[in-house]
Each structure stands twice: as structure tokens, then as C-alpha cells.
Amino acid sequence: MAGKLSTTFILRKLHQITGIVPLGIFFGVHMFTNAKAMNGPDVFNKAVEDIHHLPFLLLIEIFGIFLPLAYHSIYGIFITAEARNNVSKYSYGRNWLYFFQRVSGIFLFVFLLFHLLHFRWGLFSAFGLTDIAVAGNADRAFAIVASDFQNAGILIFYVLGVFTTAWHLGYGIYLFAVDWGLVIGEKAQRAALAVCAALAFGLFAAGANAAFSFVRPCGLMPEFLCEQQSESVPAIRSEEF
Ligand code: HEM
């Protein structure tokens with residue numbers, strides 16, 4: 001029994017740590033790279049190309065992204081299936097947040113599966129989407145994403161994906177801080193929640209603006225803040241690939 005408990009304990013802690021350290025850091029870096037789309041196709045393509053030239057890229061991807069993501073997602077679904085949902089019994093704000101943490105995890109599983117299969121491996125060319133992977137095509141990275149984001153449904157799906165990831169990470173950091181005894185007491189926990197919500201909002205704002213930058217110069221920001229001004233993002237059609 002004690003052995004079983006400690007295995008569960010370790011798996012749980014590993015689930016928290018994989019969510020924050022490799023995946024949280026990756027998400028922040030990824031939104032920062034995407035934000036470069038504000039400054040136009042050349043700047044974004046150069047940023048993607050720089051990533052493609054990182055030394056040990058395949059090892060970084062496998063051990064820093066794919067394995068932690070697979071573990072975090074699969075064990076997360078297992079925890080969700082086991083968790084008893086208190087929302088209908090006690091409708092306290094925290095119970096709703098706890099419930100949303102699980103629902104957002106399930107949505108993210110679907111979103112990330114689609115996102116990776118499509119942009120990383122060039123699959124899912126239905127609904128007029130491109131069938132070209134961004135990996136290995138850095139010179140066309142902006143054009144590939146912009147072509148897909150002409151479809152309003154896909155753009156909205158991505159903005160929702162960014163929102164859900166940002167909230168899932170922000171609230172995950174809060175839960176981690178409480179669970180590890182880093183914030184004790186009602187007042188400290190309320191302050192920690194506010195900080196985590198602000199972090200989530202910042203990541204969401206950067207990511208959502210990046211998404212809109214593929215359909216409008218500078219995204220949702222005023223154009224004087226960006227290098228690429230006045231001319232609109234060129235319309236990209238699939239025949240151009
Ligand atoms: C504005 C929204 C987003 C855009 C435009 C976007 C764009 C891209 C592109 C173009 C790639 C392929 C990169 C390459 O192969 O060189 C990629 C990969 C990836 N994206 Fe996103 N993404 C967005 C949101 C997200 C979100 C919310 C997550 C959640 C964590 C995410 C996770 C990933 C992962 C895990 C990879 C694979 C990284 C790799 O293989 O190195 N993306 N994304």
C-alpha cells in the first residue's frame with residue numbers, strides 16, 4: 001500500500017513538473033517566437049529558420065517537448081477520469097477553476113494533436129488547409145500559417161487554443177505553488193492567484209495578437225508599433241505553394 005501510494009505521489013509530482021518546466025517554458029518561448037509575426041513574413045520566417053538551425057534540435061524536441069507533452073497529456077486524462085467533480089455540489093469559485101483545469105486539459109489534447117499533426121507534420125489538408133509542414137519549410141512558414149488562418153474557423157480555434165493553454169498553465173502554476181506549500185494562507189493564495197492570472201493574460205494577449213498578425217499587419221496592435229506598416233498581409237492562396 002505504502003509503495004503504491006509513493007508511486008502515485010511521484011507520478012503526480014512529475015505531472016506537475018513536466019507541465020511547468022519543459023512545457024511552460026516552451027509555451028512562453030513559442031508565443032514569443034510567434035509574436036515576431038507582428039513584424040511581417042521575413043522576420044517570422046527568419047525566427048523559424050533560426051529554430052531549425054538549433055544544435056541537437058531533434059533531441060530537444062523529443063526530450064524537451066514530445067515526451068513531457070505525451071506524459072503530461074496521458075497522465076492528465078487519467079487524473080481527470082479519476083477526479084470527482086464537486087462543481088454541482090459546491091459551486092465555490094475554486095471548484096469551478098478546478099473543474100475548468102480538467103476541461104481545458106481535454107480541449108488542449110485535441111487542439112495540440114491537430115496543431116502538431118498539421119503544422120509539424122503537414123497532415124490534415126481537408127477544409128482547404130495546406131498540406132505542407134512548416135518543419136523544413138522555414139522560407140514559407142508565414143505563408144503556410146497565413147493561408148490556414150484565412151479560414152475564420154481555424155483562426156478562432158487557434159485563439160481558443162492559446163487562451164486555454166495560457167489559462168491552463170497560469171492556474172497550473174498556482175496549484176503547484178499551493179501544493180508545494182510555497183503560498184500558505186488565504187491572503188497569500190489570493191495574491192498568488194492574481195499573479196498567475198496576470199501571467200496567463202499576458203501570454204494570451206501575446207499569442208492572440210500573434211495569431212491575428214497572420215491576417216493583418218501588426219495583429220490587433222496599432223501599426224506604428226510594428227516594423228511592417230501600411231501594406232496589408234499579402235493574400236496567400238494554396239496554388240502559390
Ligand atoms: C498563435 C497560435 C500558434 C501558432 C501560429 C503556432 C505555430 C506553430 C508552428 C508554425 C509550428 C511548427 C514549427 C516548426 O515545425 O518549425 C508549431 C509547432 C508547435 N506548437 Fe504551435 N502555434 C500556436 C499555438 C500553440 C499553442 C497554444 C501551443 C501549446 C503549447 C503550441 C504548441 C506547439 C508545439 C508543441 C509544437 C512542436 C514544436 C516542435 O516540434 O519543435 N502551439 N506551432
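## Burial and overall make-up

Buried residues account for 25% of the 241 residues in the protein. The model is predicted. The protein has eight helices and zero strands. Read from the N terminus, the order of elements is α-α-α-α-α-α-α-α.

Contacts across the chain are well represented. Among contacts in the protein with a separation of 6 or more, 64% join residues 24 or more positions apart.

## Helices α7 and α8

Helix α7 covers residues 152–179, and helix α8 covers residues 186–213. The two pack at an angle of about 155 degrees. Their axes are 8 Å apart. Angles over 145 degrees count as roughly antiparallel, so α7 is roughly antiparallel to α8. The crossing of this pair is right-handed.

What classes of residue make the contact of α7 with α8? There are 23 nonpolar residues and three polar ones. No charged residues take part in this contact.

## Helices α4 and α5

Helix α4 spans residues 57–82, and helix α5 spans residues 93–120. Their axes come within 10 Å and cross at roughly 140 degrees. That angle makes α4 oblique to α5. The crossing of α4 past α5 is left-handed.

Which residues meet here? From α4 come Ser73, Gly76, Ile77 and Thr80. From α5 come Arg102, Gly105, Ile106 and Phe109. By class, the contact of α4 with α5 holds three nonpolar, four polar and one charged residues.

## The shell around the ligand

How many residues surround the ligand? There are 24, and the closest are Phe119, Val134, Ala135, Thr165 and Ala211. By class, the shell divides into 16 nonpolar, six polar and two charged residues.

At least two residues each come from α2 (22–35), α3 (41–52), α4, α5, α6 (141–149), α7 and α8. The largest share comes from α5, with five residues. Both helix pairs described above therefore contribute to the shell, since α4, α5, α7 and α8 each supply at least two of its residues.

Most residues other than glycine have a negative phi. Two residues are of interest here.

Phe56 has a phi near 60 degrees, a positive value in a residue other than glycine. Phe56 sits in the loop between α3 and α4. Is Phe56 buried or exposed? It counts as exposed, because Phe56 has 10 C-beta neighbours inside 10 Å, and 12 or fewer is the limit for that class.

Cys218 has a phi near 70 degrees, again a positive value in a residue other than glycine. Cys218 lies in the segment after α8.

## Asp179 and Gln16

Asp179 lies in helix α7. Asp179 is exposed, with 12 other C-beta atoms within 10 Å. Where does Gln16 stand relative to Asp179? Along the chain, Asp179 and Gln16 are 163 residues apart.

Technical notes: Residues are numbered from 1 along each chain as its sequence is written. This is a predicted model: local features need pLDDT of at least 70, side-chain atom pairs count only at pLDDT 80 or more; totals for chains, interfaces and linings use all residues. Axes are lines fitted to C-alpha atoms, for helices over the stretch in contact, and angles run from 0 to 180 degrees between N-to-C directions. Helices (H or I, at least four residues) and strands (E, at least two) are DSSP runs, numbered from the N terminus. Angles under 35 degrees count as roughly parallel, over 145 as roughly antiparallel, 65 to 115 as roughly perpendicular and the rest as oblique. A crossing is left-handed if the near helix is turned anticlockwise from the far one by less than a right angle, and right-handed if clockwise. Two residues are in contact if their C-beta atoms, placed from the backbone, lie within 7 Å. Ala, Val, Leu, Ile, Met, Phe, Trp, Tyr, Cys and Pro count as nonpolar, Asp, Glu, Lys and Arg as charged, and the others, Gly among them, as polar. A residue is near a molecule or strand if its C-beta atom, placed from the backbone, lies within 6 Å of it. A residue is buried if 20 or more other C-beta atoms lie within 10 Å of its own, exposed if 12 or fewer, and partly exposed in between; C-beta atoms are placed from the backbone.
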